[in-house]
Amino acid sequence: MAVMFKPVRSLMLYCRYCRKVVPAEFDRVITAEKADIDINSLFDYLCTNCNHVHTFSGIDIIAEPHSEPIRDYAINKRFLIGEKLSHPSFEIPGLIVGKEPGRPSSIIVSFASRKGSIKKFVENFGG
Ligand SMILES: [Zn+2]
């Protein structure tokens, strides 16, 4: 049986068109016909600034309700868009606002205390 997945209604995302972190709203889910909505479905979010669509798999975004604790960054951990992390180089937690595919993949993290500070970290290394 498929694990049901409820995507968050809104996410803060790094929009590559706007080149900044913007609120994005859930738009629709894409599944194979008659398939259940689960963690392997694709979820479209619309940038509220430019209306471009950002599509994510359920394995890359937080689900609702979201109440996970802030995790410490480590290169071998896997993170979710919408999740907060703490990093030893920064005094306050960062918000994960995007991902870049690759081997290994990277997370894009916004640190609000430093104006416009967007950092990229490797994740899931060796995973
Ligand atoms: Zn945008």
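Mentor: Start with the contacts. Two residues are in contact if their C-beta atoms, placed from the backbone, lie within 7 Å. Among contacts in the protein with a separation of 6 or more, 36% join residues 24 or more positions apart. This is a predicted model: local features need pLDDT of at least 70, side-chain atom pairs count only at pLDDT 80 or more, and totals for chains, interfaces and linings use all residues. Residues are numbered from 1 along each chain as its sequence is written.

Now the domains. An automatic or database domain assignment sets the bounds. It gives domain 1 (10-60) and domain 2 (71-122). The C-alpha centres of domain 1 and domain 2 lie 18 Å apart. Domain 1 puts 7 residues into the contact, and domain 2 puts in 10 residues. On the side of domain 1 that touches domain 2, strand E1 (residues 10-15) gives the most, with 4 residues. Strands here are DSSP runs of E, at least two residues long, numbered from the N terminus; helices are runs of H or I, at least four residues long. That side of domain 1 holds 6 nonpolar residues, no polar ones and 1 charged. Ala, Val, Leu, Ile, Met, Phe, Trp, Tyr, Cys and Pro count as nonpolar, Asp, Glu, Lys and Arg as charged, and the others, Gly among them, as polar.

Step back to the whole. The protein has 9 strands and 0 helices. Its C-alpha atoms fill a box of roughly 45 × 35 × 30 Å, taken along the principal axes.
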